[in-house]
Amino acid sequence: MKYKFLGKPNRIFPHLKTGKVYDLNIYKEKVGFFESPIRWMLKETKPTILNLGFLNCPYSSWEIFYQNWRKV
């Protein structure tokens, strides 16, 4: 999916350009807890961008992700 980068480049991803559109592959990591030994309770998901160079870029929440990226 295409997203425009709204954030600023940093030391980990210095090649990102503010305002540039990137084709991102986003993994939705499931976050939850075990309610019992046989039942998993899904609490939420967190995004991780898989294709920003050689490093994956995990975000702690969708709110933080959308502060840096906007779908186009």
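Me: What share of the 72 residues of the protein chain counts as buried?
Reply: In this predicted model, 24% of the 72 residues count as buried.

Me: Why is Thr48 called buried?
Reply: The relative accessible area of Thr48 is 8%. The cut-off for buried is under 20%, so Thr48 is buried.

Me: Where is Thr48 found, and what does Thr48 touch beyond residues up to four places away in sequence?
Reply: Thr48 is found in strand E4. With residues up to four places away in sequence not counted, Thr48 touches Asn25, Ile26, Tyr27, Glu29, Asn56, Cys57 and Pro58. Each counts as a contact because heavy atoms lie within 4.5 Å.

Me: Which residues of the largest nonpolar core touch the most other members?
Reply: That core has 13 residues, and Leu16, Leu24, Ile49, Leu52, Phe65 and Trp69 touch the most other members. Strands E1 (2-5) and E4 (39-52) each supply at least two residues of this core.

Me: What makes Trp69 a member of a nonpolar core?
Reply: Trp69 is listed among the residues of the largest nonpolar core. Membership requires a buried residue of a listed type, Trp included, joined through side-chain atoms within 4.5 Å, so Trp69 meets these conditions.

Me: Which residues is Trp69 in contact with, leaving aside neighbours within four places in sequence?
Reply: Trp69 is in contact with Tyr3, Lys4, Phe5, Leu6, Leu16, Tyr22, Leu24, Ile49, Leu52 and Tyr59.

Me: How many helices and strands are there, and what is their order?
Reply: The protein chain has 1 helix and 6 strands, running β-β-β-β-β-α-β from the N terminus.

Note on methods: Residues are numbered from 1 along each chain as its sequence is written. This is a predicted model: local features need pLDDT of at least 70, side-chain atom pairs count only at pLDDT 80 or more; totals for chains, interfaces and linings use all residues. Side-chain values use heavy atoms; hydrogens and water are left out. Buried means under 20% relative accessible area, exposed over 50%, partly exposed in between (1.4 Å probe, protein chains only).
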